[in-house]
Structures are given as C-alpha cells and as structure tokens.
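Hello,

Here is the structure I said I would pass on. My notes on it follow below.

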Amino acid sequence: MSLPEQEFQAEQQRVTRVVTEIDERIDHLTEKLGAIREEVVEIRNNFWDDVTVNLDEPDDIIETYVSLKQQAEVLSERERNHRHAQNQLKKLLRLHQSPYFGRIDFTETGSDRTDSIYLGIGSLLNATDDEFLIYDWRAPVSSLYYDYPPGPAEYETPDGTVHGELELKRQYIIRDGRILSLFDTGVTIGDELLQEVLGKHSDSQMKSIVATIQREQNRIIRNTTSRLLIVQGAAGSGKTSAALQRVAYLLYRFRESLTADQIVLFSPNTMFNSYVSTVLPELGEENMQQTTFIEYLEHRLGRDFHIEDPLSQMEYVLTAMGEGDYEARIEGITFKSATSYLEMLERYVAHLGREGLVFKGIRFRGETLISSEQIRTQFYTYEPTLPIPNRMRLLTEWLLEELRAISKQELEKGWVDEEIELLDPETYLKAYQRLRKKKQFTENSFDDYEKERDQLAYMVVQEHFKKLRSGVKRLRFLNVPAVYRNLFANEELARRLHDDLPARWQEIAAKTVELVNDAYLAYEDATPYLYLKERLEGFQTNNSIRHVFVDEAQDYSPFQFAFLKRLFPRAKMTVLGYFNQAIYAHANPNSSFDWLNTLYGPEETELFVLTKSYRSTRQIVEFTKEMLRDNANIEPFNRPGSEPTVQQLPNHSELAARITDRILQLQGEGHRTIGLICKTAAESRQAYDALKGNLDLRLITQESGSFEAGIQVIPAYLAKGVEFDAVVIYNASREQYGRESERKLFYTACTRAMHELHVYFLGEKSPFLP
C-alpha cells in the first residue's frame, strides 16, 4: 500500500531525527571511550607506584594486600566501563545504517492511547530516557509485528498476557538515513520486503533475518518451555537462520542468568561454523560455542585412537560399492547407530559388573609391580551392587595404597643409588633445605650421609612413581579397547546380549576386532566406544551448558542423540533437520523425527514443521521437489526466476568447456557465489583439475575452514547448510546418481541454488531428474 507524500515525508523526518540522535551519541561515546582508554593505560603504567608494598611485619603484609586489592578494583572498574561503552558504540554504529525496519501501532484494551512502536536490532531511548525511539526486536511487545496482521492481537510479558488492537503494521527499508521503501501490510511480513531481501546475491556469510522473520519462525525463536524443540523444515525454509535468531533471543530474554558460553552449537562441519559466525555479532551478541561432533570425539578419544571422520565414511559409502566387505560395512553402520545397540551395550555393562573386565598390569623398569590378575581379583571383591564407576574409584584408592607400599621397598634398590649419582646440584640443594626444615642434622651440618641418602632416595622414587600414580588416577589400568573388542571376539556372548544380530555379524565382528587392534575406530564405533568407556569409568557430564543446538540433525544417529542427552543433563535441546537431506548410511528410512519423542518424552517435546522454502526461486523449488518421492509438503515462496537447465554432453572435454562458458556467463551477470557441486571429493578434484586453467577456482575439502565468495568446487555432502547465487551440477548421470540411496544427496546438491541452477551430465541422465 503506497502512502501519501505528506505521511512519507513525516516518516523520513523521524528517521532523520533518530539518526541525528544516534550520531550525537556516537560522537559522545567515542570521546568517552578515548578518555576511559587513557585512564586505563595510565593506571596500568603506574600500578605499582600507587601501591604500598611492605612485607616486614604481619600488619604491613595486610596493608599491602588491601592496597593491591583496591588498586586492582579501580582498574577492573575502569575496564568494565570501557567494555560497556564499547558495546554501546557497536550497537549505535549498527543502528546508524538502518535504525529500524518495522512499526506497529497498538492500542491496549481499556486504553484510549495508541502507541507507535518502532522495531530495530537494538533498543534506543531518547535523550531524557523516558521514551523508546526504537524497541529491540526481541522485546515482548515486538512479537506483535511477527505474529499478527492488523486487528485483535496479544503478547506475553513476565506479568501476563496483554490484549489489544493492532492498528497498523508498517515495514521499512532504510539505508544510510534514507527510506528506500515503505509499505503497510495486512499479513505477517509483507512479500515486498521478502522479495527485496531474498532477491539479493548470496554472501560468504549468513546474514541476520530479523526484518523478515515469519510467524512460524517466531514461534520457534521465542519458545522457552520445551525441553526438546524439533524443527523439521524443507531445504531453504530458514531452519538455521531461525535457530541463530533463537540464540540471540535467549541471550536477551535471560540476560541475567544466561551467557553465550552456556550455549553450544553442533554444526555439520568447520566451514559451516565460519559461514554462520557473523550472525550473532551482527545482532550485538557474542557467539556461542561452536563445534562438530567429530571434534568432540577426537578430543575425548584422539589420544588412544585414530578416528574415522563422518566425511571419510561418506566417501567410502559413495565410492566403495565394488569392495567385498561393502555390504557388511553398511549393515554394521546401521546396526551400531541404533538405540538397540545402546541397549546391547547396557546389557554388556551389566555382564561386566559380574565378570569379563580386562585390566593392564602396572609395570615399572621392566617388572610387573601389580599384575592384571591381581587388579581383576581385587575389583571383583567389591560389593557387586555398586555401579562399576564407584568400584573403579575404590580400586584406584587400593592401587595408590599398593604403590605407596611398593615405593618404600624401592628405596633400597641399586637403581636408586645410580639415579642419585646423576642428580644435579639444584636437587641436592632442595634435599638439604628439606632436611634443615625438618631439623634432622646432628650438628647443623650436611655430614650425615644416611639422612642425605634417604632424602635423595625418597625424592628419586617419588619422581619416578609420579607417572604411575597419575596413570592410576586416570584409570589407565582399565583396558577399555580390549573390553570393547571382546564384545565382537566372543560371538556366543554377543548373541546372548542381542537376539537379533545382523546377518553378516561375523564379518562385522572380524573387521571391528581388526580395526581396534590397529588403534583405529570407524566412525560408527566411536560414539558406542566412548559410551562404553563412560559407563565403566563414570560419565563426564557438562552441567554448565544450558542450551544445545544440533544442526543437520538427520545426520545424527539415535545412539548419538542418546549420548548427547547424557552429556548435557541440564540443557534444553533444539534440533534442526530435514529427512530429505539425510545422506548418511545410518539415516532413518521413515523420514521423520518421531523416534526423538522418546528422548525426553512427548510432554517435554515440541515439533515445528516448516514447509515454505525461501532460499530458491519458485522455478528451482518446483524443479527440485520433483526429485523426491514425497514432495507434497514443500511450498515455494513466490519469487520468480529463470528455469533450471539440464544438458547432456558427449565427453569430459566438452563438459569442461560448457561449464567454463556457463560460469563466466554467471559471473558476468553479477553472481558472487557460484557452487560447482560434485558427488565426491574425488570427482571434485577431477573437476578442479579440468577447469582450473580457465577459471579462478577454490577446491573445498573437509579441511577447508571458511566459506568465501567466488567459485567453489565442492562435494555435495560438504555443501549442506550453505547456499550459492548459482549452482552448477558437474555430472548428474545415472552412473553418479542412480541408486536410491543417492536420491537425497542429489536433491541436497540442487537445493543449494538461490537464483540459478544448471545441470550437466554425461551418458544417461540420473533417474531423479524431472
């Protein structure tokens, strides 16, 4: 709806007035920051000049401590002021370019006053602090903008529900103090604003979506009650964007009790972490902790094993179909990812409580001090009803006591005298000082050889036994690899613990034993192995984390989710995924998150389904949805664009030539990010080598740490979660994408495109192409 010129001018005058206010505050804060910075530097430079230091008498020591404490508090207070002013300045600089994006006029029930509320990425009071010039988009009243058209409306506050009438909803596009576009809307967020935002070219990093949050996304963002929040959404539906705005909302809503380091995001890969790293700072919040699941596994197990990463497992699944043990490997991946395997491990732990634990003897200088049999016997003397970790603690105490007794026996052995002769003067001095302190000299001299030798021997033995004691405290005497291996080496035991083992169990078991013997964990074994280790040694839970976000949740196994629940027992969990992008071998064939209801129970679980796709043009969404068996729930946003193209080529040289021409054309049209998507890392390398002579390419591998503008040659499984202005599919042949298990991988590759999609193939085209 267009506005009369007079009203438009009034709106522009308000923008000018607000921007002027912002500029004045920026100038004031800049001057204030300079003064505080100078004061901090001066305090640091003259810190000791202003501190009274006197350690002669007890009273003087106390005075010195008080003086130090006072000076440190002064410095700390100035530094806090500096940080606060700096954060305010950053917010004002963000508001300067675009102070607000929306306005609502709301009349509360029972009131004759209508309030005009302007929404931006941060709040701003007027000079006298009695009127909000801008409301933060996360404020309770701001939810009206996202949830309601003009008419009856309500919003929640800490004091209850506020009812009233939404008189007006207005949207703005403001840049550098000028209103570029302004329109009133009768829907949640007007198509005009979405068209303007979505029609832009992609960038190397994800942007904030606070101006275009849809009602269904707002419900996800502001949910504070569910223990488990499941967001299942089509490709490009804004799942990840909504999750990041949710983090910003939680930090605002619970700013007195929640900090960014109490939130952790498990993302699909390190490149994705780079891609989303600017969203929260853009909203004035610190980034939460970001990691990948494989990074956590390597942190916990990397000391003892080389761990296969999920992308290497994916390469195997996509390229090793001709190998003899392929079917057994796929069967093993599926079996070890299920909760039934977790239940099998639980039964194994119960069995180990009675028998079967494997220990390593404690050896020193080539001799066994305490044998594995002694340790095993001692462990099974403890009360069997005690949990295994509790018995491990008792065993640790017993071993430390045994080591203390053995260390006394070592004092008189010849190797100790040999070590004493090699000691440096500093160690002799240390022994002398200890003996003086104990007053163990006959005539205040160092002639008492026996006392000297005893003290030095004690120091030598203690130093050598330090490593043994440390190993005992870290339970290095428990042979977890052997315990895990035995589950597969003993088929009779395995069949007692699970009555429906895979048909190829013997092949699976033999391969698992071989890999564990080589200190190698297949990806499907890593989480179960760590789970077993935790059940024996005691779970290392993280009680400080309050919110866990899991992106690309369809790529996680039920076993991994059960493990995450135990790892973060006090956290709420938000999981985001789409089963039509479930590309791993362990993916649930039922295409739903129904099984997640068992994690916390239906009463603490809420599911949101996002069906509208915003990323791609209507033509691309209509084209790609035909690749799926079930596509009824994908609704394209009505953003027009060019039709995707599909072209057959006779050979690789012609393929390289046509793709080169197409990419040059796309660049000429202004597309900044172009994804040349291949099936595997090997095909990506092949494509890169074929095209690098004519194009400035970047080859993306699992080691790539950042997402950048330009032409990216990338395997399909690494492209998940990111988007490109234009996508070129390198070879969509039946040979590459012909198996049913490759349907979703192909769909994932094609749905990375925002504006243009071009598909090439050699030979026969993929059956998944419309």
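Helix 18 and helix 21 cross in the right-handed sense; the model is a predicted one. Helix 18 covers residues 480-489 and helix 21 covers residues 523-537, and the two pack at an angle of about 120 degrees with their axes 10 Å apart. Angles of 65 to 115 degrees count as roughly perpendicular and those over 145 as roughly antiparallel, so helix 18 is classed as oblique to helix 21.

On the helix 18 side, the contact is made by Val480, Pro481, Val483, Tyr484 and Phe488. Helix 21 contributes Asp525, Pro528, Tyr529, Leu532, Lys533, Leu536 and Glu537. By class, this contact has 9 nonpolar and 3 charged residues, and no polar ones.

The partner of strand 10 is strand 9 (residues 263-266), and the two pair in the parallel sense over 3 bridges. Within that pairing, leucine 265 has glutamine 290 of strand 10 as its bridge partner.

As for domains, the assignment gives domain 1 (1-96), domain 2 (98-211), domain 3 (212-303 + 544-586 + 601-613), domain 4 (362-474) and domain 5 (640-762). Between the C-alpha centres of domain 3 and domain 4 there are 49 Å.

Regards

Definitions and conventions
Residues are numbered from 1 along each chain as its sequence is written. This is a predicted model: local features need pLDDT of at least 70, side-chain atom pairs count only at pLDDT 80 or more; totals for chains, interfaces and linings use all residues. Side-chain values use heavy atoms; hydrogens and water are left out. Two strands pair if DSSP finds at least two bridges between them. Helices (H or I, at least four residues) and strands (E, at least two) are DSSP runs, numbered from the N terminus. Domain bounds come from an automatic or database domain assignment. Axes are lines fitted to C-alpha atoms, for helices over the stretch in contact, and angles run from 0 to 180 degrees between N-to-C directions. Angles under 35 degrees count as roughly parallel, over 145 as roughly antiparallel, 65 to 115 as roughly perpendicular and the rest as oblique. A crossing is left-handed if the near helix is turned anticlockwise from the far one by less than a right angle, and right-handed if clockwise. Contact means heavy atoms within 4.5 Å. Ala, Val, Leu, Ile, Met, Phe, Trp, Tyr, Cys and Pro count as nonpolar, Asp, Glu, Lys and Arg as charged, and the others, Gly among them, as polar.
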